[in-house]
Amino acid sequence: MEYMSASEPGPVEDLPAVAPQLRTLRRRASLTLEAAARTAGLSPAHLSRLETGQRQPSLPMLLTLARVYGTTVSELLGETVAERDAVVRAADMEPTRAGGWTYWQAGSPGRGMQSLRVHVPHGSQGDIVRVHPGEEWLYVLTGRLRLRLGDVTHVLDPGDSAHFDSLTPHRIAAAVEDGADLLFVHTLLQSPSTALCLGPTTLGVTP
């Protein structure tokens, strides 16, 4: 029996072959096939087919396996990333605007996590509900933030934080006229379609 939801997105056909890496990274993590499959919510038979190239993993499955093996999606895909500086200086953080929000890259690109400093103005993107693979963590610096997770709305003040699964429908908006500033970290797949959980091009539906 394979623990896969019927609504799970199918495999991405243009992904590079990941089979050679999957077995190597599982063994590097000192996991048996059965243990890795159980942790990832798969059957051993399904994981074996992924490792032998008989099946291609879906995007959510890649993210899950990367977490189980303690690595990044880029490494699962066999991509080599140029050496990056560990420190990002404030002077090098150029502001970028998307969908009314302003954000500054606070981490290196191409990592398993993306770190941002974000300003959310009042009345911007408050009607966009997002659902996507990954996890998100945010910490309110100034202002007040309204965070809706599923059917529950939370109001966060400076010093408050939230950590949630991004598959939970979520909506982020400023709750005061001056807007809100926050630190924002997410673990999205490093691909053009899911590179940033901001802006009108992000998957979303209006309520």
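Colleague: What makes the link between the side chain of Ser166 and the side chain of Glu136 a polar contact?

Modeller: Please keep in mind that this is a predicted model. In it, the side chains of Ser166 and Glu136 come to 3.3 Å, and because a polar contact needs a pair of N or O atoms within 3.5 Å, the pair qualifies.

Colleague: Where does Ser166 lie, and how do you know whether it is buried or exposed?

Modeller: Ser166 belongs to the loop between strand S7 (161-165) and strand S8 (170-174). Its relative accessibility is 0%, and since buried means under 20%, Ser166 is called buried. Leaving aside neighbours within four places in sequence, its contacts are Arg130, Val131, His132, Pro133, Gly134, Glu135 and Glu136.

Colleague: Why is the pair of Trp137 and Tyr139 called stacked?

Modeller: A search of the whole structure gives 1 aromatic pair, and this pair is Trp137 with Tyr139, whose centres are 6.2 Å apart with 20° between the planes.

Colleague: What makes you say that the charged end of Arg117 sits over the ring of Trp104?

Modeller: The charged end of Arg117 is 4.1 Å from the centre of the Trp104 ring, where the limit for the distance is 6 Å. The direction must also be within 35 degrees of the ring normal, and the pair is listed as sitting over the ring.

Colleague: How do you know that the buried residues of helix H3 are on the same side?

Modeller: The buried residues of H3 (residues 44-51) are His46, Leu47, Leu50 and Glu51. They cover an arc of only 140° around the axis, which places them on the same side of H3. An α-helix has 3.6 residues a turn, so residues three or four places apart point the same way. The buried residues of H3 pack against helix H1 (19-28), helix H2 (33-40) and helix H4 (59-68).

Note on methods
Residues numbered from 1 in each chain as written. Predicted model: local features only at pLDDT ≥ 70, side-chain atom pairs only at ≥ 80, totals over all residues. Heavy atoms only, no water. Buried < 20%, exposed > 50% of the residue type's maximum accessible area, 1.4 Å probe, protein only. Helix = DSSP H or I, 4+ residues; strand = E, 2+ residues; numbered from the N terminus. Arc of directions from axis to C-beta. Contact = heavy atoms within 4.5 Å. Phe/Tyr/Trp six-rings, centres within 6.5 Å; stacked < 30°, edge-to-face > 60°. Polar contact = N/O pair within 3.5 Å; in protein donor to acceptor, adjacent residues only side chain to side chain.
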